[in-house]
Amino acid sequence: MKETKILAALGQVDDAYIAEAAPVQRKRWGWIKWVATAACLALIVVGGAAGVPSRNNRGFAAHANFAVGPFKRRQG
Amino acid sequence: MDDQQIISLFWARAEDAVAETARQYGRYCHAIAYNILRSREDSEECVNDTWLRAWESMPPHHPERLDTFLGKITRNLALNRWEKSAAGKRGGGQVEVALEELQDCLPTAEIIEQAVDSMALTAALNRFLASLPSETRRIFMQRYWYLRSIKAIAAELGANESKVKMTLLRARGKLKQILEEEGISL
């Protein structure tokens, strides 16, 4: 069959054309992308919650563990 | 491990060669076979046959690119398998078997003539591909080398299906023109 001849001959074309058209394989890393997105969202939520000022403190700077350098709290 | 290191393993007849090849190019070759055969089991067999062929052909071969070298083997094997199964459905398998047996009777001159025709056709296809814009060439190759669906090609390129179909139609027209101009008869 003539079509089969074209299909077979096409199989032997230059490697550069075969490599250029190689389909992009994304599936394998799909789950990593979702896990990374979820982790980033979780960090934003947790970080945001920790940074919100309340009646008892004024966010991170008011907490002893985070008060460093020129912002260090006076003890007593 | 890069291609040349894997090829060195083949040349050294190290068994790791097949395992490393399967790890790096298993999915690539499986995708090629699956596009043609649409059967997971047949595709796996085809890929395993590819490793065997690679083992048998290196040495003496020392390909510059391992991906396309393996891809070509897989594509050939998958197309042969597909052809046999299509022929089997048409003629209960016996016609195909009989034709294959009769191929042994072909005179050597005719086999050489067929090979020369095939080489001339491949050379014309190379010229045709070189004349295409990059995107058109990718679409053409994805369709007729990788045997991908129009839908899959459109999705990967972020284009709609009608654009892909139109591009292929024009490319086929151009190929027909080139083959006629070069006097290549099929």
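Predicted model: local features only at pLDDT ≥ 70, side-chain atom pairs only at ≥ 80, totals over all residues.
Q: What share of the residues of chain B counts as buried?
A: Buried means under 20% relative accessible area. Chain B has 186 residues, and the buried share is 39%.

Q: Among contacts in chain B between residues at least 6 apart in sequence, what share joins residues at least 24 apart?
A: A contact here means heavy atoms within 4.5 Å. Of the contacts in chain B that link residues at least 6 apart in sequence, the share joining residues at least 24 apart is 61%.

Q: How many disulfides are there over all chains?
A: A disulfide needs two cysteine sulfur atoms within 2.5 Å. The sulfur of C29(B) has its closest cysteine sulfur in C46(B), 9.2 Å away, which is too far for a bond. Over all chains, the count of disulfides is zero.

Q: Is C29(B) buried or exposed?
A: The cut-off for buried is under 20% relative accessible area. C29(B) has a relative accessible area of 0%, so this cysteine is buried.

Q: Are α2(B) and α3(B) parallel, antiparallel, perpendicular or oblique to each other?
A: Helix α2 of chain B spans residues 16-37, and helix α3 of chain B spans residues 40-57. They pack with axes 8 Å apart, at an angle of about 135°. Roughly antiparallel needs over 145 degrees, and roughly perpendicular covers 65 to 115. The two helices are therefore oblique.

Q: Is the crossing of α2(B) and α3(B) left-handed or right-handed?
A: The residues of α2(B) that meet α3(B) include A22(B), C29(B) and L37(B). Those of α3(B) that meet α2(B) include C46(B), W51(B) and W55(B). Where α2(B) passes α3(B), the crossing is right-handed.

Q: How many residues of the contact of α2(B) with α3(B) are nonpolar?
A: Among the residues in this contact are A17(B), V18(B) and Y25(B) from α2(B), and R40(B), D42(B) and V47(B) from α3(B). By class, four are polar and three charged, while the nonpolar ones number 12.

Q: Is T21(B) buried or exposed?
A: T21(B) sits in helix α2 of chain B. Beyond residues up to four places away in sequence, T21(B) touches I6(B), F10(B), G26(B), W51(B) and L70(B). Its relative accessibility is 0%, so T21(B) counts as buried.

Q: Which residue of chain A is in contact with F140(B)?
A: F140(B) lies in helix α7 of chain B, residues 134-144. This phenylalanine is buried, with a relative accessible area of 4%. Leaving aside neighbours within four places in sequence, its contacts include F128(B), W145(B) and L175(B), and from chain A, L10(A).

Q: What distance separates the C-alpha atoms of F140(B) and R172(B)?
A: The two residues are 32 residues apart along the chain. Their C-alpha atoms are separated by 8.7 Å.

Q: How is α8(B) oriented to α9(B), parallel or perpendicular?
A: Helix α8 of chain B (residues 150-157) packs on helix α9 of chain B (residues 161-181), with axes 9 Å apart and an angle of about 110°. That angle makes α8(B) to α9(B) roughly perpendicular.

Q: How many charged residues does the contact of α8(B) with α9(B) have?
A: I150(B), K151(B), I153(B) and A154(B) of α8(B) meet E161(B), V164(B), K165(B) and L168(B) of α9(B). Five of the residues in this contact are nonpolar and no polar ones occur; the charged count is three.

Q: Which residue is joined to P59(B) by a cis peptide bond with omega of about -10°?
A: Most peptide bonds are trans. P59(B) lies in the loop between α3 and α4 of chain B. The cis bond with omega of about -10° joins P59(B) to M58(B).

Q: Where does R13(B) lie?
A: R13(B) is not a glycine, yet its phi is positive, about 55°. Its relative accessible area is 38%, so R13(B) is partly exposed. R13(B) lies in the loop between α1 and α2 of chain B.

Key: Residues numbered from 1 in each chain as written. Chains lettered and ligands numbered in written order. Heavy atoms only, no water. Buried < 20%, exposed > 50% of the residue type's maximum accessible area, 1.4 Å probe, protein only. Axes fitted to C-alpha atoms, helices over the stretch in contact; angles between N-to-C directions. Helix = DSSP H or I, 4+ residues; strand = E, 2+ residues; numbered from the N terminus. Parallel < 35°, antiparallel > 145°, perpendicular 65-115°, else oblique. Left-handed = near helix turned anticlockwise from the far one by under 90°. Nonpolar A, V, L, I, M, F, W, Y, C, P; charged D, E, K, R; others polar.
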